[in-house]
Amino acid sequence: MPEPAAHILVLTQPGDAHADTVTGLLDAAGARVSVFDPAEFPSAAALSVRYSTDGRHSRGLVRDGDRVDLDSIDAVWFRRPQDPRAHAAIEDPAVREYVEQECESFAAGLWDDLDALAVPGTRSAIRLAGRKPGQLALAGRLGFELPPTIITTDPDEFLDFWDEHEGRVITKPLQRPWLVRGDESYARMAELATTVDVASAEAMRLCPLIVQGYVPKRVELRVTVVGTTVFAAEIHSQQSNHTRLDWRCYDPSATRYAVHELPADVARRCAILVAELGLRYGAIDLIVTPDGRYVFLEINPSGQWLWIEDATGLPISVELASLLLSSADRHLPQRTLGAHR
């Protein structure tokens, strides 16, 4: 009798090309894939849990008349899920907030209680791994070199740091590099601090900021860890003024990408960092200095990878699909994906 197909739940939002690529590989491998955007709950989808007197329970998701048995899920991929969204008929802001909080509490408890492989990790692990202070502390304990860094709301700390580094410092947001206000959005990447920042240092009391000593770059690296497999790609950000301080200010016409061979000890440290954070996936940003040192910047538990895969041919999507399939004891062998490598 053939083994049952792996059943994988993908929680993401519409238009996610990364999820589409991996679910295509999973479909080709014979997996059963259910894709769901939690923002559809409760207006366009229903979630239910039924408990019997002896404690047994069953959980289900119903959407468009189709029921997904959540107890059959082998792996849940928290790709880019949105929060539940109240029905448009509920117009009162206070009532909408109440409904959405109730729905989030119910849905979150349900996802967290699934007896399934969680990728990149459990919701709590993802949340904790995304905190910059903890990332930096752990990376330092594991032996990564860090940029000299302060995270502060104290103007005097900033001014002392500025003097210590003779003004060669970078500032960047602690958590979110963007702000959405109505129909307008603002992005704030890493920037060189200026005398204007010094003159307005008192404003730092209002919001924390990351301040780091400037680290010269030969190239930047995006290191993607999937399970225990480590993929490293070079981002030649110094070839364009747009990307010199932050490669996220993309300049496709001038920025070159290439596969990078990490030293074994650095690759091992990257894999350990992901595991220590309770993750099975992580996108790590490193600097390679002109004299060959590897300097840790940050890790993103849900970082994008498709752009680096397209530029370098690194089989990150295939490895992610294999990781998700492994949740069902690998009864769908990795060789079913071999044609894509």
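How many bridges join E6 and strand E7, and in which sense do these strands pair? E6 and E7 (residues 117-119) pair in the parallel sense over 3 bridges.

## Basis of the model

This is a predicted model, in which local features need pLDDT of at least 70 and side-chain atom pairs count only at pLDDT 80 or more, while totals for chains, interfaces and linings use all residues. Residues are numbered from 1 along each chain as its sequence is written, and side-chain values use heavy atoms, with hydrogens and water left out.

## Strand E6 and its partners

Helices (H or I, at least four residues) and strands (E, at least two) are DSSP runs, numbered from the N terminus; two strands pair if DSSP finds at least two bridges between them. E1 and E6 run parallel and are joined by 4 bridges, with tryptophan 77 of E6 as the bridge partner of valine 10. On E7, alanine 118 is the bridge partner of valine 76. From E6 the chain crosses through H2 to E7 in a right-handed β-α-β crossover, that is, with the strands pointing away from the viewer, the path from the first strand over the helix to the second runs clockwise.

Ala75 and Trp77 point one way from E6, and Val76 and Phe78 point the other way. All four are buried (under 20% relative accessible area; exposed is over 50%, partly exposed in between; 1.4 Å probe, protein chains only).

## Helix H2

Helix H2 covers residues 93-113. Its 21 residues should span 30 Å at 1.5 Å a residue, and the end C-alpha atoms are 30 Å apart, which agrees; the expected span is 1.5 Å times one less than the number of residues. At the N-terminal end, aspartate 92 caps H2, a side-chain oxygen lying 2.9 Å from the backbone nitrogen of alanine 94.

Val99, Cys103, Ala107, Ala108, Leu110 and Trp111 are buried in H2. Down the helix axis, the buried residues fall within an arc of 160°, so they line one face of H2; the arc is that of the directions from the axis to the C-beta atoms. Ala94, Tyr98 and Ser105, on the other side of H2, are exposed. The cover over the buried residues of H2 includes strand E3 (45-51), strand E6 (75-78) and helix H3 (123-129).

## Aspartate 16

Aspartate 16 lies in the loop between E1 and helix H1 (17-28). Aspartate 16 is buried, with a relative accessible area of 7%. Leaving aside neighbours within four places in sequence, aspartate 16 is in contact with Arg79 and Arg80, contact meaning heavy atoms within 4.5 Å.

Conventions
A polar contact is a pair of N or O atoms within 3.5 Å; within protein, one must be able to donate a hydrogen and the other to accept it, and residues adjacent in sequence count only if both atoms are side-chain atoms.
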